[in-house]
Amino acid sequence: EEEAAVAGEGREAVISALEAELARVRHELTQTRDKVRELAALRDQRVRDAEALAAKVEAANLRLRRDLEQADLEVEAAAIRQNALEKEVEAWKGGASDAAR
């Protein structure tokens, strides 16, 4: 009977230790799950930030492309005006030399 009581107390001690270990593991699991949720939220925020930045870069690139196209048109227009003015100067020079004769 005494051996059974000692065995029962030993069994209770093992059960108590296992329950304590189970509680510790459950607590760690809860903390790990919370950390995973935090990291996932941080990742999601960084993805949103990166997407927003990419959109800003794309918009800036579009503006630069438009500005470059506009500058090209302005250069082309200036070259046309220069060519026309050079022809007008030559015409006047030709008229002046005709008048001098």
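Some ground rules. The model is predicted, so local features need pLDDT of at least 70 and side-chain atom pairs count only at pLDDT 80 or more, while totals for chains, interfaces and linings use all residues. Residues are numbered from 1 along each chain as its sequence is written, and side-chain values use heavy atoms, with hydrogens and water left out.

Let's start with the fold. The protein has 1 helix and 0 strands. The radius of gyration is 43 Å, well over the 13 Å that the globule rule gives for 101 residues, so the protein is more spread out than a compact globule. That radius is taken over C-alpha atoms, and the globule rule is 2.2 Å times the number of residues to the power 0.38. Helices here are DSSP runs of H or I with at least four residues, strands are runs of E with at least two, and both are numbered from the N terminus. Along the principal axes, the C-alpha trace spans about 150 × 10 × 10 Å.

Take glutamate 3, which sits in helix H1. Between glutamate 3 and valine 25 there are 22 residues in sequence and 33 Å in space, C-alpha to C-alpha. Now alanine 13, also found in helix H1. Alanine 13 and arginine 46 are 33 residues apart in sequence, and their C-alpha atoms are 49 Å apart.

Next, the surface. How many of the 101 residues count as buried? The share is 0%. Buried means under 20% relative accessible area, exposed means over 50%, and partly exposed is in between, with a 1.4 Å probe and protein chains only. Glutamate 3 is exposed, at 69%. Alanine 13 is partly exposed, at 46%. In total the protein exposes about 9,200 Å², and carbon and sulfur atoms supply 59% of that. These areas come from the Shrake-Rupley method with a 1.4 Å probe; for residues, only the protein chains shown count as cover.

On to charge. There are 17 positive and 23 negative side chains, and the centres of the two sets lie 8 Å apart. Lys and Arg count as positive, Asp and Glu as negative; His and the chain ends are not counted. Each charge is placed at NZ of Lys, CZ of Arg, CG of Asp or CD of Glu.

Some of these charges pair up. The whole structure holds 5 salt bridges. A salt bridge is a side-chain nitrogen of Lys or Arg within 4 Å of a carboxyl oxygen of Asp or Glu.

Which residue does arginine 24 bridge to at 2.2 Å? The partner is glutamate 28, with that gap between the closest N and O atoms. Arginine 24 is partly exposed at 38%, and glutamate 28 is partly exposed at 38%. There is a network here too: salt bridges link Glu21, Arg24 and Glu28.

Further along, arginine 43 bridges to aspartate 44, at 2.9 Å from N to O. Arginine 43 is exposed at 51%, whereas aspartate 44 is partly exposed at 32%.

Last, arginine 66 and aspartate 67 form a salt bridge at 3.3 Å, N to O. Aspartate 67 is partly exposed, at 41%.
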